[in-house]
Structure formats: C-alpha cells, structure tokens
Amino acid sequence: TNGVLGNGGVQPELFTPIAFEDGSSVSHLDEVRFPKELMSPYLDSGDVDHSPSRMELGMLADMGWKI
C-alpha cells in the first residue's frame, strides 16, 4: 500500500526475469524501470544509494521496517 502511494498510485514493477533467480526474483524492483535504486537486483561495485525514493521507503514500511 505505501509503496504504491510512493509511486504515484501505481503498483511498482518488480524484477521478474524469465528464469527465476533465487534471492532476487520478485524481491527487488525491475532493473529496466528503476535502475540503480536501493532495491535494484544488481549494483555495480561502488554503487551506493543514500537517498531511497518515496516508493522504496513505502515498500520497506510495507515489509515491516520502521521508517
């Protein structure tokens, strides 16, 4: 609910590759739509996100994190 609100009322697109990737599939945001975000399935060495988006903070709150 909070993730949707943080994304302007639109369901955030999740990472759902054709071949299931344990630990990444459906647990992270779609890499094409949301590259380099905190909840990206892939980060390059040295990539850091110190300011998560409202959508990501909302998703973390939905999962039970204290925001």
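## Salt bridges and a helix residue

Lys36 has a relative accessible area of 44%, so this residue counts as partly exposed. That value, like the others here, comes from a predicted model.

Let us stay with Lys36 for a moment. Its side chain meets that of Asp44 in a salt bridge, 2.8 Å from N to O, and a salt bridge at 3.1 Å pairs Lys36 with Asp47. Lys36 and Asp47 are 11 residues apart and link distant parts of the chain, each sitting in the loop between H1 and H2. Through shared partners, the salt bridges join Lys36, Asp44 and Asp47 into one network. Asp47 is partly exposed, because its relative accessibility is 28%.

How many salt bridges does the structure hold? There are 3, and here they are side by side:

| Salt bridge | N to O distance |
|---|---|
| Lys36 and Asp44 | 2.8 Å |
| Lys36 and Asp47 | 3.1 Å |
| Arg33 and Glu13 | 3.3 Å |

The pair of Arg33 and Glu13 also links distant parts of the chain: both residues lie in the loop between H1 and helix H2 (54–62), 20 residues apart. Arg33 is partly exposed at 46% relative accessibility, and Glu13 is partly exposed with a relative accessible area of 41%.

Now to helix H1, which spans residues 2–6 and includes Val4. Is Val4 buried or partly exposed? Buried means under 20% relative accessible area; Val4 has 21%, so it counts as partly exposed. Setting aside neighbours within four places in sequence, Val4 is in contact with Gly9, Val10, Gln11 and Pro12. Asp49 lies 45 residues from Val4 along the chain, and their C-alpha atoms are separated by 20 Å.

Conventions: Residues are numbered from 1 along each chain as its sequence is written. This is a predicted model: local features need pLDDT of at least 70, side-chain atom pairs count only at pLDDT 80 or more; totals for chains, interfaces and linings use all residues. Side-chain values use heavy atoms; hydrogens and water are left out. Helices (H or I, at least four residues) and strands (E, at least two) are DSSP runs, numbered from the N terminus. Buried means under 20% relative accessible area, exposed over 50%, partly exposed in between (1.4 Å probe, protein chains only). Contact means heavy atoms within 4.5 Å. A salt bridge is a side-chain nitrogen of Lys or Arg within 4 Å of a carboxyl oxygen of Asp or Glu.
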